[in-house]
Amino acid sequence: MFGRKKKTSVIKVEVASDLKIEEGKLVEIKDEMILARLNQAVPEIARALGAGAKAVAAVQGPAYKCVLPVGATKVATGAMKGLQTGETLLGAASLSFSVAALIVGQKFMADISKRLAKLDGDLRAVSDFQNNEYKSRVEALILRVTGVISYRSEVTKNDAVRQRALMSLDNAESECMQLLGQATETINAYTQTRVSDFDRYCAVVRELAKWLDYQNKLVAVLYHISELKYALNFGAVSRDYCASSFRVCLANVAKSQKSLKKWHSDEIGKLDIDTSALKRRRRGADAVLHFLPALFKKECKYRKLSEETACMIETQRACDLTDYKPLGRSFDDDVEIFVKDGKVYYLESAQEE
């Protein structure tokens, strides 16, 4: 399960005469450094680019394909029509990483950068003056992780920069775990409280909504940090190793959210709240005042429950962690390269869609 698949050391190149791939699944490779290394690894790619440029005026130019096994070391004699092919050493000593790993790694970082930007935007839209310092720390954490991969070409081009980026991610991971631990402990403290009345219950529900939002966002950040560590190691270490801290924290969060659901069930039963009917039983002096009317009209036993409150309660009762699957393809997977009309593409895997 944890072993790496044995890969062939040969890069096969061929004419893709019948290219039937949805355009949306082909991702153009624009990074000059990757293109340069790709041309160095597979000289036939450069020849295919030249052939494609000449065919731009045609209705449909020829398409060429090669499969880059991770760790490939040479190009085999291929069948690229109209092109000279042969065996060419990849030159692993002069290339820091395999071209396939660079392509996968850069796609990882681009996708994660977009997801973190969305998380940051969602967080900034939250108004939480009481926890302003905590919110600022979470915002700073997201910006720090995003900053690590802002210059993806530099990170992949320079090994020293890559190592510093990995160290920065380790520090960000520690900070994220501390912030997540604080959110989880705060939620646990609230769920150990036994409220005495509906107003107190509503106040706790409102606070829980804020901390659950922080908790879920921080779990997502921690997940993306683990995926980034995997990406920046270019498959040198396993995905499981990179996600070890994430899995521990995820288990703690799952336990916390399970307790939260039980707390809500207990309090809802005690306070006789019906979220589906948007009502709650009158209690205390209010129940005494409506005792006689309730004898003739059953509805008088209850007070209206606002939709907003009902929604918050049901959202918290139904809280479930996202199924955090691997974000993109594995570094153990082959990468399919296509050259068409003077441009270079790689085929997006199902996991990356």
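**Exercise 1. Which residues of α12 are exposed, and which are buried?**

On one side of helix α12, E307 and E308 are exposed; exposed means over 50% relative accessible area, buried under 20%, and partly exposed in between (1.4 Å probe, protein chains only). Helices (H or I, at least four residues) and strands (E, at least two) are DSSP runs, numbered from the N terminus. Before going on, note that this is a predicted model, where local features need pLDDT of at least 70, side-chain atom pairs count only at pLDDT 80 or more, and totals for chains, interfaces and linings use all residues. Residues are numbered from 1 along each chain as its sequence is written, and side-chain values use heavy atoms, with hydrogens and water left out.

Step 1: in α12 (residues 307-317), the buried set is T309, A310, M312, I313 and Q316.
Step 2: these residues cover an arc of only 160 degrees around the axis, so they sit on the same side of α12; the arc is that of the directions from the helix axis to the C-beta atoms.
Step 3: the general rule is that an α-helix has 3.6 residues a turn, so residues three or four places apart point the same way.
Step 4: the buried residues of α12 pack against α7 (198-232) and α9 (244-271), with contact meaning heavy atoms within 4.5 Å.

**Exercise 2. Describe the aromatic pairs of F246.**

Step 1: rings of Phe, Tyr and Trp (its six-membered ring) pair if their centres lie within 6.5 Å; planes under 30 degrees apart count as stacked, over 60 as edge-to-face and the rest as tilted. By this rule there are seven aromatic pairs.
Step 2: Y223 and F246 have ring centres 5.7 Å apart and planes at 50 degrees, so this pair is tilted.
Step 3: Y223 belongs to helix α7 and F246 to helix α9, so the pair ties together parts 23 residues apart in sequence.
Step 4: F246 is buried, with a relative accessible area of 5%. The ring centres of F246 and Y324 are 5.5 Å apart with planes at 85 degrees, so that pair is edge-to-face.
Step 5: Y324 lies in the loop between α12 and β9, 78 residues from F246, and the pair links distant parts of the chain.

**Exercise 3. How do β9 and β10 pair?**

Step 1: strands β9 (residues 335-340) and β10 (residues 343-347) pair in the antiparallel sense over four bridges; pairing requires at least two DSSP bridges between two strands.
Step 2: K340 has K343 in β10 as its bridge partner.
Step 3: the two strands form a hairpin with two residues between them, and D341 in the turn has a positive phi of about 50 degrees.
Step 4: five of the six residues of β9 are buried, so it is mostly covered.
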